[in-house]
Amino acid sequence: MKNKKTQSNRYIEIAQVFIKYGFQAWFTNSHLSYLVSNKIIDKNSEINTSPPEVRLRMALEELGPTFIKLGQMLSSRADLLPTQYITELKKLQDEVHEEEQLDLHQLLEDEFHQPANEIFDEIDEKPLGIASIAQTYRVKKGEKYYVIKVRKPSADRTVNEDLKIIRNLIQILSRSIKQVAQFEPVRLFDEFELSLKNELNYSIEKRNQLLFLKYFKKSDTTTAPRILEEYSTSKILCMEFSEGVKFNDFLKNASEKDRIKVSKNLVSSYFQQIIEFGFFHADAHAGNLFVTDDLRLSFIDFGAVGRLLKKDTVLIGDFLEAFLAQETERVINAIQRISISNEITRENRKNLEYQINEIFTYMDQGVDDIPWIEVVDKLTKLLFTYKITLPNYFVTLGKSLALTLGTALEINPKMNLLDEIKPYIIKYQLNFFSLENQKKLLMDFFFWLRDIKTIPKDIKDLLKMAKKGKIDINISLDDAVPLLNTIRNGINKLTIGIIIGCILIASSTIASGDGNSLIQKFALFGYLLAGGLGLILAIDILRDLFKRDSK
(Lines give C-alpha, C1' and ligand atoms only; values in the text may rest on other atoms or scores of the structure.)
Protein backbone atom coordinates (compact mmCIF):
# COMPACT_ATOMS: atom_id res chain seq x y z
CA MET A 1 0.00 0.00 0.00
CA LYS A 2 2.83 2.33 0.95
CA ASN A 3 4.61 1.56 -2.36
CA LYS A 4 1.48 2.44 -4.37
CA LYS A 5 1.14 5.71 -2.48
CA THR A 6 4.81 6.54 -3.11
CA GLN A 7 4.44 5.75 -6.81
CA SER A 8 1.34 7.91 -7.04
CA ASN A 9 3.23 10.81 -5.46
CA ARG A 10 6.05 10.34 -7.96
CA TYR A 11 3.55 10.50 -10.86
CA ILE A 12 2.28 13.81 -9.54
CA GLU A 13 5.83 15.11 -8.97
CA ILE A 14 6.93 14.24 -12.53
CA ALA A 15 3.83 15.80 -14.08
CA GLN A 16 4.15 18.96 -12.01
CA VAL A 17 7.84 19.41 -12.91
CA PHE A 18 7.06 19.21 -16.64
CA ILE A 19 4.09 21.58 -16.20
CA LYS A 20 6.31 23.92 -14.19
CA TYR A 21 8.66 24.18 -17.20
CA GLY A 22 5.83 24.88 -19.65
CA PHE A 23 5.01 21.43 -21.06
CA GLN A 24 1.39 21.43 -19.87
CA ALA A 25 0.19 20.74 -23.45
CA TRP A 26 1.52 17.19 -23.07
CA PHE A 27 -1.02 16.65 -20.32
CA THR A 28 -4.01 18.82 -21.30
CA ASN A 29 -4.45 16.75 -24.49
CA SER A 30 -4.31 13.43 -22.65
CA HIS A 31 -6.01 11.49 -19.85
CA LEU A 32 -3.64 13.27 -17.44
CA SER A 33 -5.27 16.67 -17.83
CA TYR A 34 -6.46 16.62 -14.21
CA LEU A 35 -2.81 17.08 -13.11
CA VAL A 36 -2.54 20.51 -14.77
CA SER A 37 -2.75 23.30 -12.22
CA ASN A 38 -2.96 26.97 -13.20
CA LYS A 39 -1.21 27.85 -9.95
CA ILE A 40 1.93 26.00 -11.07
CA ILE A 41 1.83 27.66 -14.51
CA ASP A 42 1.38 31.18 -13.12
CA LYS A 43 4.05 30.69 -10.46
CA ASN A 44 6.69 29.75 -13.05
CA SER A 45 5.74 32.10 -15.88
CA GLU A 46 9.29 33.54 -16.01
CA ILE A 47 10.82 30.09 -16.56
CA ASN A 48 8.41 29.47 -19.43
CA THR A 49 9.89 32.34 -21.44
CA SER A 50 13.11 30.32 -21.95
CA PRO A 51 13.50 28.34 -25.21
CA PRO A 52 11.73 24.94 -25.03
CA GLU A 53 14.97 22.96 -25.36
CA VAL A 54 16.42 24.77 -22.31
CA ARG A 55 13.26 24.14 -20.31
CA LEU A 56 13.33 20.45 -21.23
CA ARG A 57 16.93 20.10 -20.07
CA MET A 58 16.14 21.85 -16.78
CA ALA A 59 13.11 19.60 -16.16
CA LEU A 60 15.13 16.43 -16.75
CA GLU A 61 17.88 17.64 -14.40
CA GLU A 62 15.36 18.36 -11.65
CA LEU A 63 13.76 14.90 -11.97
CA GLY A 64 16.98 13.03 -11.22
CA PRO A 65 19.20 10.20 -12.53
CA THR A 66 16.70 8.21 -14.62
CA PHE A 67 15.53 11.31 -16.50
CA ILE A 68 19.09 12.60 -16.88
CA LYS A 69 20.04 9.26 -18.49
CA LEU A 70 16.96 9.52 -20.73
CA GLY A 71 18.03 13.03 -21.80
CA GLN A 72 21.56 11.83 -22.52
CA MET A 73 20.16 9.08 -24.72
CA LEU A 74 17.97 11.58 -26.59
CA SER A 75 21.00 13.86 -27.07
CA SER A 76 22.40 11.26 -29.46
CA ARG A 77 19.19 10.96 -31.50
CA ALA A 78 19.81 13.57 -34.19
CA ASP A 79 17.42 11.56 -36.36
CA LEU A 80 14.55 12.37 -33.98
CA LEU A 81 15.16 15.84 -32.51
CA PRO A 82 16.10 19.22 -34.01
CA THR A 83 19.71 20.40 -33.62
CA GLN A 84 18.95 22.91 -30.85
CA TYR A 85 17.53 20.15 -28.63
CA ILE A 86 20.52 17.90 -29.29
CA THR A 87 22.94 20.70 -28.37
CA GLU A 88 21.10 21.54 -25.15
CA LEU A 89 20.61 17.95 -23.97
CA LYS A 90 24.34 17.29 -24.38
CA LYS A 91 24.83 19.63 -21.41
CA LEU A 92 23.24 17.08 -19.08
CA GLN A 93 25.80 15.71 -16.62
CA ASP A 94 25.59 12.48 -14.66
CA GLU A 95 27.76 13.77 -11.82
CA VAL A 96 26.51 14.60 -8.32
CA HIS A 97 28.45 16.31 -5.60
CA GLU A 98 26.74 14.94 -2.50
CA GLU A 99 27.77 11.46 -1.43
CA GLU A 100 25.17 9.03 -0.19
CA GLN A 101 25.91 7.71 3.28
CA LEU A 102 26.30 3.98 2.71
CA ASP A 103 26.99 1.37 5.37
CA LEU A 104 29.84 -0.02 3.29
CA HIS A 105 30.84 -2.71 5.79
CA GLN A 106 27.26 -4.01 5.99
CA LEU A 107 26.87 -3.96 2.22
CA LEU A 108 30.07 -6.03 1.80
CA GLU A 109 28.96 -8.50 4.47
CA ASP A 110 25.54 -8.93 2.80
CA GLU A 111 27.15 -9.66 -0.57
CA PHE A 112 29.98 -11.98 0.52
CA HIS A 113 28.48 -13.47 3.72
CA GLN A 114 31.51 -12.77 5.87
CA PRO A 115 32.80 -9.83 7.95
CA ALA A 116 34.10 -6.93 5.83
CA ASN A 117 37.51 -6.91 7.57
CA GLU A 118 38.01 -10.53 6.49
CA ILE A 119 37.34 -9.63 2.86
CA PHE A 120 39.68 -6.64 2.65
CA ASP A 121 42.56 -5.61 4.92
CA GLU A 122 41.73 -1.90 4.65
CA ILE A 123 38.55 -0.05 3.59
CA ASP A 124 38.60 3.70 2.99
CA GLU A 125 35.00 4.85 3.50
CA LYS A 126 35.52 8.22 1.81
CA PRO A 127 34.38 7.87 -1.82
CA LEU A 128 36.92 8.26 -4.61
CA GLY A 129 34.13 9.20 -7.00
CA ILE A 130 30.39 9.90 -6.85
CA ALA A 131 27.79 9.50 -9.60
CA SER A 132 24.02 9.25 -9.64
CA ILE A 133 24.00 5.45 -9.66
CA ALA A 134 27.33 4.45 -8.06
CA GLN A 135 30.12 5.43 -5.70
CA THR A 136 33.71 4.14 -5.79
CA TYR A 137 36.01 3.40 -2.83
CA ARG A 138 39.61 2.39 -2.25
CA VAL A 139 40.32 -0.93 -0.51
CA LYS A 140 43.47 -2.92 0.23
CA LYS A 141 44.08 -6.65 -0.13
CA GLY A 142 47.51 -7.91 0.86
CA GLU A 143 50.06 -5.37 -0.33
CA LYS A 144 47.93 -3.99 -3.15
CA TYR A 145 45.18 -1.34 -3.36
CA TYR A 146 42.04 -1.90 -5.42
CA VAL A 147 38.92 0.04 -6.42
CA ILE A 148 35.44 -1.19 -5.58
CA LYS A 149 32.45 0.26 -7.41
CA VAL A 150 29.27 0.04 -5.34
CA ARG A 151 25.74 0.45 -6.67
CA LYS A 152 23.66 2.78 -4.51
CA PRO A 153 20.62 0.95 -3.05
CA SER A 154 18.54 4.11 -3.48
CA ALA A 155 19.50 4.38 -7.18
CA ASP A 156 18.39 0.81 -7.86
CA ARG A 157 15.00 1.44 -6.27
CA THR A 158 14.48 4.91 -7.80
CA VAL A 159 15.50 3.90 -11.33
CA ASN A 160 13.21 0.86 -11.43
CA GLU A 161 10.23 2.86 -10.13
CA ASP A 162 10.88 5.71 -12.56
CA LEU A 163 11.17 3.31 -15.51
CA LYS A 164 7.69 1.91 -14.81
CA ILE A 165 6.22 5.41 -14.51
CA ILE A 166 7.94 6.69 -17.69
CA ARG A 167 6.66 3.68 -19.65
CA ASN A 168 3.08 4.35 -18.51
CA LEU A 169 3.37 8.06 -19.33
CA ILE A 170 4.76 7.32 -22.80
CA GLN A 171 1.93 4.89 -23.54
CA ILE A 172 -0.69 7.45 -22.44
CA LEU A 173 0.91 10.29 -24.43
CA SER A 174 1.33 8.06 -27.53
CA ARG A 175 -2.39 7.30 -27.53
CA SER A 176 -3.32 10.95 -27.05
CA ILE A 177 -0.81 12.89 -29.18
CA LYS A 178 -0.22 11.88 -32.80
CA GLN A 179 3.09 13.77 -33.03
CA VAL A 180 4.48 11.68 -30.17
CA ALA A 181 3.23 8.36 -31.58
CA GLN A 182 4.98 8.85 -34.96
CA PHE A 183 8.41 8.49 -33.29
CA GLU A 184 7.56 5.00 -31.94
CA PRO A 185 8.46 6.07 -28.37
CA VAL A 186 7.69 2.69 -26.80
CA ARG A 187 10.29 0.98 -29.02
CA LEU A 188 12.86 3.67 -28.18
CA PHE A 189 12.05 3.36 -24.50
CA ASP A 190 12.53 -0.44 -24.63
CA GLU A 191 16.09 0.13 -25.85
CA PHE A 192 16.73 2.79 -23.22
CA GLU A 193 15.34 0.63 -20.40
CA LEU A 194 17.50 -2.34 -21.38
CA SER A 195 20.61 -0.14 -21.55
CA LEU A 196 19.97 1.45 -18.15
CA LYS A 197 19.21 -1.89 -16.45
CA ASN A 198 22.46 -3.25 -17.87
CA GLU A 199 24.29 -0.33 -16.22
CA LEU A 200 22.72 -1.29 -12.89
CA ASN A 201 23.94 -4.89 -13.18
CA TYR A 202 27.68 -5.06 -12.51
CA SER A 203 27.81 -8.70 -13.59
CA ILE A 204 27.21 -7.43 -17.14
CA GLU A 205 29.82 -4.68 -16.76
CA LYS A 206 32.31 -7.26 -15.46
CA ARG A 207 31.66 -9.48 -18.49
CA ASN A 208 32.13 -6.52 -20.85
CA GLN A 209 35.43 -5.54 -19.24
CA LEU A 210 36.76 -9.12 -19.29
CA LEU A 211 35.93 -9.40 -23.00
CA PHE A 212 37.63 -6.07 -23.73
CA LEU A 213 40.74 -7.26 -21.88
CA LYS A 214 40.72 -10.48 -23.89
CA TYR A 215 40.58 -8.62 -27.22
CA PHE A 216 43.39 -6.22 -26.27
CA LYS A 217 45.55 -8.65 -24.29
CA LYS A 218 48.66 -8.01 -26.40
CA SER A 219 47.80 -4.54 -27.70
CA ASP A 220 50.36 -1.73 -27.81
CA THR A 221 47.61 0.93 -27.90
CA THR A 222 44.89 -0.21 -25.49
CA THR A 223 44.33 -1.74 -22.05
CA ALA A 224 41.89 -1.77 -19.10
CA PRO A 225 42.10 -2.52 -15.35
CA ARG A 226 42.13 -6.20 -14.38
CA ILE A 227 38.94 -7.46 -12.69
CA LEU A 228 38.99 -9.44 -9.43
CA GLU A 229 36.15 -11.83 -10.22
CA GLU A 230 36.02 -13.42 -6.75
CA TYR A 231 35.18 -10.02 -5.23
CA SER A 232 32.65 -8.91 -7.86
CA THR A 233 28.87 -9.40 -7.85
CA SER A 234 25.83 -7.78 -9.49
CA LYS A 235 26.09 -4.93 -6.93
CA ILE A 236 29.87 -4.63 -6.45
CA LEU A 237 32.69 -4.50 -8.96
CA CYS A 238 36.29 -4.91 -7.76
CA MET A 239 39.25 -4.12 -9.99
CA GLU A 240 42.83 -2.92 -9.99
CA PHE A 241 43.54 0.80 -10.15
CA SER A 242 43.89 1.91 -13.77
CA GLU A 243 47.45 2.26 -14.97
CA GLY A 244 48.81 5.73 -15.65
CA VAL A 245 47.21 9.12 -15.05
CA LYS A 246 43.82 10.61 -15.84
CA PHE A 247 43.52 11.80 -19.41
CA ASN A 248 43.06 15.49 -18.56
CA ASP A 249 45.99 15.41 -16.11
CA PHE A 250 48.19 13.89 -18.82
CA LEU A 251 47.31 16.74 -21.22
CA LYS A 252 48.43 19.42 -18.76
CA ASN A 253 52.12 18.49 -19.05
CA ALA A 254 52.31 16.34 -22.21
CA SER A 255 54.77 17.21 -24.95
CA GLU A 256 53.49 17.69 -28.52
CA LYS A 257 55.14 14.39 -29.50
CA ASP A 258 53.28 12.51 -26.76
CA ARG A 259 49.99 14.20 -27.65
CA ILE A 260 50.36 13.09 -31.27
CA LYS A 261 51.14 9.53 -30.21
CA VAL A 262 48.17 9.32 -27.81
CA SER A 263 45.72 10.82 -30.34
CA LYS A 264 46.77 8.23 -32.94
CA ASN A 265 46.53 5.41 -30.40
CA LEU A 266 43.01 6.53 -29.50
CA VAL A 267 41.79 6.52 -33.12
CA SER A 268 43.59 3.23 -33.83
CA SER A 269 42.06 1.61 -30.75
CA TYR A 270 38.55 2.73 -31.58
CA PHE A 271 38.53 1.60 -35.19
CA GLN A 272 39.99 -1.73 -34.16
CA GLN A 273 37.12 -2.09 -31.70
CA ILE A 274 34.56 -1.32 -34.43
CA ILE A 275 35.92 -2.98 -37.57
CA GLU A 276 37.87 -5.92 -36.13
CA PHE A 277 35.96 -6.89 -32.98
CA GLY A 278 32.49 -5.39 -33.47
CA PHE A 279 32.60 -4.50 -29.75
CA PHE A 280 33.31 -0.97 -28.58
CA HIS A 281 33.34 1.23 -25.49
CA ALA A 282 30.27 3.46 -25.82
CA ASP A 283 31.22 6.25 -23.42
CA ALA A 284 34.88 7.09 -24.05
CA HIS A 285 34.90 10.64 -22.69
CA ALA A 286 38.00 12.02 -20.94
CA GLY A 287 36.76 10.94 -17.48
CA ASN A 288 36.80 7.30 -18.59
CA LEU A 289 40.32 7.39 -20.06
CA PHE A 290 43.77 7.07 -18.50
CA VAL A 291 47.17 7.29 -20.20
CA THR A 292 49.86 4.79 -19.23
CA ASP A 293 53.61 5.43 -19.04
CA ASP A 294 54.06 3.84 -22.48
CA LEU A 295 51.24 6.05 -23.89
CA ARG A 296 48.58 3.35 -24.19
CA LEU A 297 44.93 4.25 -23.51
CA SER A 298 43.41 2.58 -20.45
CA PHE A 299 39.58 2.49 -20.62
CA ILE A 300 37.34 2.30 -17.54
CA ASP A 301 33.56 2.06 -16.95
CA PHE A 302 32.16 -0.64 -19.23
CA GLY A 303 28.53 -0.17 -18.22
CA ALA A 304 27.80 1.17 -21.70
CA VAL A 305 29.24 -0.78 -24.64
CA GLY A 306 28.15 -1.32 -28.23
CA ARG A 307 28.01 -4.60 -30.09
CA LEU A 308 27.84 -5.05 -33.85
CA LEU A 309 26.73 -8.09 -35.83
CA LYS A 310 29.12 -9.04 -38.63
CA LYS A 311 26.62 -7.87 -41.25
CA ASP A 312 26.30 -4.52 -39.47
CA THR A 313 30.07 -4.11 -39.44
CA VAL A 314 29.95 -4.65 -43.23
CA LEU A 315 27.30 -1.91 -43.60
CA ILE A 316 29.36 0.50 -41.52
CA GLY A 317 32.47 -0.36 -43.52
CA ASP A 318 30.56 0.34 -46.74
CA PHE A 319 29.39 3.71 -45.41
CA LEU A 320 32.84 4.80 -44.21
CA GLU A 321 34.50 3.60 -47.40
CA ALA A 322 31.98 5.52 -49.56
CA PHE A 323 32.22 8.64 -47.37
CA LEU A 324 36.02 8.73 -47.46
CA ALA A 325 35.96 8.15 -51.23
CA GLN A 326 33.40 11.02 -51.48
CA GLU A 327 31.04 8.90 -53.61
CA THR A 328 27.67 10.56 -53.08
CA GLU A 329 25.50 7.81 -54.60
CA ARG A 330 27.12 5.08 -52.53
CA VAL A 331 26.81 7.17 -49.35
CA ILE A 332 23.04 7.53 -49.92
CA ASN A 333 22.69 3.82 -50.73
CA ALA A 334 24.57 2.93 -47.54
CA ILE A 335 22.35 5.26 -45.47
CA GLN A 336 19.22 3.66 -46.93
CA ARG A 337 20.51 0.17 -46.14
CA ILE A 338 21.41 1.15 -42.57
CA SER A 339 18.27 3.14 -41.71
CA ILE A 340 15.13 1.62 -40.22
CA SER A 341 13.01 4.14 -42.13
CA ASN A 342 13.58 7.26 -44.19
CA GLU A 343 11.83 9.71 -46.48
CA ILE A 344 14.41 9.66 -49.27
CA THR A 345 12.32 9.62 -52.45
CA ARG A 346 12.99 9.88 -56.16
CA GLU A 347 11.78 13.49 -55.97
CA ASN A 348 14.05 14.69 -53.14
CA ARG A 349 17.04 12.42 -53.77
CA LYS A 350 18.70 14.96 -56.07
CA ASN A 351 18.53 17.60 -53.31
CA LEU A 352 20.13 15.15 -50.89
CA GLU A 353 22.92 14.43 -53.38
CA TYR A 354 23.73 18.17 -53.61
CA GLN A 355 23.66 18.55 -49.82
CA ILE A 356 26.03 15.62 -49.27
CA ASN A 357 28.25 16.88 -52.07
CA GLU A 358 28.39 20.24 -50.27
CA ILE A 359 29.65 18.44 -47.15
CA PHE A 360 32.38 16.84 -49.29
CA THR A 361 33.63 20.31 -50.26
CA TYR A 362 34.74 20.73 -46.64
CA MET A 363 36.76 17.52 -46.96
CA ASP A 364 38.72 18.93 -49.91
CA GLN A 365 40.35 21.53 -47.68
CA GLY A 366 43.60 21.00 -45.84
CA VAL A 367 43.17 18.69 -42.87
CA ASP A 368 43.90 21.56 -40.48
CA ASP A 369 41.07 23.59 -42.01
CA ILE A 370 38.28 20.99 -42.00
CA PRO A 371 35.54 22.30 -39.66
CA TRP A 372 34.60 18.91 -38.17
CA ILE A 373 31.96 20.39 -35.86
CA GLU A 374 30.22 22.01 -38.84
CA VAL A 375 30.44 18.76 -40.85
CA VAL A 376 28.79 16.79 -38.03
CA ASP A 377 26.16 19.52 -37.62
CA LYS A 378 25.24 19.37 -41.33
CA LEU A 379 25.01 15.57 -41.26
CA THR A 380 22.78 15.84 -38.18
CA LYS A 381 20.43 18.24 -39.98
CA LEU A 382 20.20 15.87 -42.96
CA LEU A 383 19.05 13.06 -40.68
CA PHE A 384 16.25 15.20 -39.30
CA THR A 385 15.27 16.77 -42.65
CA TYR A 386 14.87 13.43 -44.43
CA LYS A 387 13.44 11.70 -41.33
CA ILE A 388 16.17 9.07 -41.44
CA THR A 389 15.55 6.85 -38.39
CA LEU A 390 18.64 4.88 -37.50
CA PRO A 391 18.86 1.62 -35.55
CA ASN A 392 19.98 1.94 -31.95
CA TYR A 393 23.37 0.29 -32.58
CA PHE A 394 24.24 2.90 -35.23
CA VAL A 395 23.16 5.80 -33.03
CA THR A 396 25.31 4.46 -30.18
CA LEU A 397 28.22 4.04 -32.58
CA GLY A 398 27.79 7.53 -34.06
CA LYS A 399 27.72 9.14 -30.63
CA SER A 400 30.78 7.19 -29.47
CA LEU A 401 32.69 7.86 -32.67
CA ALA A 402 31.98 11.60 -32.53
CA LEU A 403 33.10 11.69 -28.90
CA THR A 404 36.31 9.76 -29.57
CA LEU A 405 37.32 11.55 -32.76
CA GLY A 406 36.47 14.89 -31.17
CA THR A 407 38.80 14.10 -28.26
CA ALA A 408 41.57 12.98 -30.63
CA LEU A 409 41.32 16.16 -32.72
CA GLU A 410 41.17 18.34 -29.62
CA ILE A 411 44.57 17.13 -28.41
CA ASN A 412 46.07 16.90 -31.91
CA PRO A 413 44.30 19.37 -34.25
CA LYS A 414 46.79 18.69 -37.06
CA MET A 415 46.10 14.94 -37.15
CA ASN A 416 45.16 13.72 -40.63
CA LEU A 417 42.07 11.86 -39.54
CA LEU A 418 41.45 10.39 -42.99
CA ASP A 419 44.93 8.85 -43.11
CA GLU A 420 44.44 7.31 -39.65
CA ILE A 421 41.14 5.71 -40.64
CA LYS A 422 42.17 4.41 -44.09
CA PRO A 423 44.21 1.38 -42.86
CA TYR A 424 41.08 -0.01 -41.21
CA ILE A 425 38.98 0.58 -44.31
CA ILE A 426 41.62 -1.23 -46.40
CA LYS A 427 41.60 -4.07 -43.86
CA TYR A 428 37.82 -4.20 -44.16
CA GLN A 429 38.07 -4.32 -47.98
CA LEU A 430 40.68 -7.09 -47.93
CA ASN A 431 38.47 -9.12 -45.60
CA PHE A 432 36.09 -9.60 -48.55
CA PHE A 433 38.73 -11.81 -50.22
CA SER A 434 39.48 -13.88 -47.11
CA LEU A 435 39.00 -17.66 -47.36
CA GLU A 436 36.36 -17.55 -44.63
CA ASN A 437 34.34 -14.89 -46.44
CA GLN A 438 34.62 -16.68 -49.78
CA LYS A 439 33.31 -19.89 -48.17
CA LYS A 440 30.35 -17.93 -46.82
CA LEU A 441 29.61 -16.40 -50.24
CA LEU A 442 29.72 -19.87 -51.81
CA MET A 443 27.30 -21.23 -49.19
CA ASP A 444 24.97 -18.26 -49.75
CA PHE A 445 25.03 -19.04 -53.48
CA PHE A 446 24.08 -22.68 -52.87
CA PHE A 447 21.25 -21.64 -50.54
CA TRP A 448 20.05 -19.23 -53.25
CA LEU A 449 20.04 -22.08 -55.80
CA ARG A 450 18.11 -24.26 -53.35
CA ASP A 451 15.48 -21.57 -52.87
CA ILE A 452 14.97 -21.06 -56.61
CA LYS A 453 12.66 -24.09 -56.72
CA THR A 454 10.11 -22.22 -54.58
CA ILE A 455 9.82 -19.28 -57.01
CA PRO A 456 7.21 -20.89 -59.36
CA LYS A 457 5.05 -21.84 -56.36
CA ASP A 458 5.37 -18.34 -54.87
CA ILE A 459 4.34 -16.76 -58.20
CA LYS A 460 1.41 -19.20 -58.46
CA ASP A 461 0.26 -18.27 -54.92
CA LEU A 462 0.48 -14.55 -55.73
CA LEU A 463 -1.60 -15.02 -58.90
CA LYS A 464 -4.25 -16.94 -56.93
CA MET A 465 -4.44 -14.11 -54.38
CA ALA A 466 -4.69 -11.54 -57.19
CA LYS A 467 -7.56 -13.48 -58.82
CA LYS A 468 -9.43 -13.54 -55.53
CA GLY A 469 -9.06 -9.77 -55.26
CA LYS A 470 -6.79 -9.93 -52.22
CA ILE A 471 -3.99 -8.06 -54.05
CA ASP A 472 -4.31 -4.91 -56.12
CA ILE A 473 -1.68 -4.67 -58.85
CA ASN A 474 -1.23 -1.26 -60.46
CA ILE A 475 1.45 -1.04 -63.14
CA SER A 476 1.79 2.07 -65.26
CA LEU A 477 3.12 1.87 -68.81
CA ASP A 478 6.34 3.57 -67.70
CA ASP A 479 6.88 0.91 -65.05
CA ALA A 480 5.88 -2.06 -67.23
CA VAL A 481 8.87 -2.05 -69.59
CA PRO A 482 11.63 -2.17 -66.94
CA LEU A 483 9.59 -4.70 -64.96
CA LEU A 484 9.19 -6.98 -67.98
CA ASN A 485 12.90 -6.58 -68.79
CA THR A 486 13.78 -7.55 -65.21
CA ILE A 487 11.54 -10.64 -65.35
CA ARG A 488 12.95 -11.65 -68.76
CA ASN A 489 16.51 -11.16 -67.48
CA GLY A 490 15.78 -13.26 -64.41
CA ILE A 491 14.21 -16.08 -66.46
CA ASN A 492 17.22 -16.11 -68.82
CA LYS A 493 19.62 -16.41 -65.88
CA LEU A 494 17.48 -19.15 -64.34
CA THR A 495 17.45 -21.04 -67.65
CA ILE A 496 21.25 -20.80 -67.98
CA GLY A 497 21.59 -22.01 -64.39
CA ILE A 498 19.41 -25.05 -65.12
CA ILE A 499 21.40 -25.79 -68.30
CA ILE A 500 24.68 -25.61 -66.34
CA GLY A 501 23.24 -28.02 -63.77
CA CYS A 502 22.15 -30.47 -66.52
CA ILE A 503 25.58 -30.35 -68.19
CA LEU A 504 27.32 -31.01 -64.84
CA ILE A 505 25.02 -33.96 -64.09
CA ALA A 506 25.51 -35.43 -67.59
CA SER A 507 29.30 -34.97 -67.46
CA SER A 508 29.50 -36.56 -64.00
CA THR A 509 27.45 -39.55 -65.24
CA ILE A 510 29.76 -40.02 -68.25
CA ALA A 511 32.91 -39.61 -66.15
CA SER A 512 31.77 -42.26 -63.65
CA GLY A 513 31.11 -44.83 -66.40
CA ASP A 514 33.49 -47.44 -67.83
CA GLY A 515 33.60 -45.93 -71.31
CA ASN A 516 36.68 -45.41 -73.45
CA SER A 517 38.98 -42.40 -73.35
CA LEU A 518 37.07 -40.64 -76.18
CA ILE A 519 33.86 -40.64 -74.14
CA GLN A 520 35.80 -39.44 -71.08
CA LYS A 521 36.95 -36.46 -73.15
CA PHE A 522 33.29 -35.55 -73.69
CA ALA A 523 32.91 -35.42 -69.89
CA LEU A 524 35.91 -33.09 -69.62
CA PHE A 525 34.45 -30.91 -72.38
CA GLY A 526 31.15 -30.79 -70.44
CA TYR A 527 32.92 -29.63 -67.27
CA LEU A 528 34.77 -26.90 -69.18
CA LEU A 529 31.57 -25.77 -70.91
CA ALA A 530 29.68 -25.65 -67.57
CA GLY A 531 32.58 -23.74 -65.98
CA GLY A 532 32.63 -21.19 -68.81
CA LEU A 533 28.86 -20.65 -68.69
CA GLY A 534 29.00 -20.41 -64.88
CA LEU A 535 31.70 -17.73 -65.09
CA ILE A 536 29.67 -15.72 -67.62
CA LEU A 537 26.56 -16.04 -65.43
CA ALA A 538 28.48 -14.96 -62.30
CA ILE A 539 29.91 -11.90 -64.10
CA ASP A 540 26.43 -10.97 -65.36
CA ILE A 541 24.92 -11.26 -61.85
CA LEU A 542 27.71 -9.17 -60.30
CA ARG A 543 27.29 -6.53 -63.00
CA ASP A 544 23.56 -6.33 -62.20
CA LEU A 545 24.34 -5.99 -58.49
CA PHE A 546 26.77 -3.12 -59.05
CA LYS A 547 24.25 -1.41 -61.34
CA ARG A 548 21.59 -1.69 -58.63
CA ASP A 549 23.92 -0.27 -55.96
CA SER A 550 24.79 2.70 -58.14
CA LYS A 551 21.15 3.71 -58.64
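**Sheet: pairing and edges**

I began with E3 and E5, which pair in the antiparallel sense over five bridges. Two strands count as paired if DSSP finds at least two bridges between them. Helices (H or I, at least four residues) and strands (E, at least two) are DSSP runs, numbered from the N terminus. The model is predicted: local features need pLDDT of at least 70, side-chain atom pairs count only at pLDDT 80 or more, and totals for chains, interfaces and linings use all residues. Residues are numbered from 1 along each chain as its sequence is written, and side-chain values use heavy atoms, with hydrogens and water left out.

I then looked up the strand order of the open sheet, which is E1-E2-E3-E5 with antiparallel pairing. Strand E1 (122-130) and strand E5 (236-240) stand at the edges with a single partner strand each, so one side of each lacks a neighbour in the sheet. From one strand to the next, the twist averages 30°; for such angles, axes are lines fitted to C-alpha atoms, for helices over the stretch in contact, and the values run from 0 to 180 degrees between N-to-C directions.

I noted five bridges between E1 and strand E2 (residues 134-141), which run antiparallel. Glu 122 has Lys 140 in E2 as its bridge partner. Helix H7 (residues 104-112) packs on the sheet and touches E1, E2, strand E3 (144-151) and E5, its direction making about 105° with that of E1. Contact here means heavy atoms within 4.5 Å. Helix H12 (residues 202-215) also packs on the sheet, touching E2, E3 and E5, and its direction makes about 30° with that of E5.

E2 and E3 pair antiparallel over eight bridges, with Arg 138 opposite Val 147 in E3. I recorded that these two strands form a hairpin with two residues between them, and that Gly 142 in the turn has a positive phi of about 70°.

**Burial in the strands**

I took buried as under 20% relative accessible area, exposed as over 50%, and partly exposed as in between (1.4 Å probe, protein chains only). In E5, five of its five residues are buried. Both faces of E5 are covered, with Ile 236, Cys 238 and Glu 240 on one side and Leu 237 and Met 239 on the other. In E3, six of its eight residues are buried.

**Helix H11**

I checked helix H11 (residues 185-200), whose 16 residues reach 22 Å from first C-alpha to last, close to the 22 Å expected at 1.5 Å a residue. The expected span is 1.5 Å times one less than the number of residues. The buried residues of H11 are Pro 185, Leu 188, Phe 189, Phe 192, Glu 193, Leu 196, Glu 199 and Leu 200. They cover an arc of only 135° around the axis, which puts them on the same side of H11; the arc is that of the directions from the helix axis to the C-beta atoms.

**Arg 57**

Which helix holds Arg 57? I located Arg 57 in helix H4 (residues 52-63). Arg 57 counts as buried, at 16% relative accessibility. Its side chain and that of Glu 88 are joined by a polar contact of 2.8 Å. Such a contact is a pair of N or O atoms within 3.5 Å; within protein, one must be able to donate a hydrogen and the other to accept it, and residues adjacent in sequence count only if both atoms are side-chain atoms.
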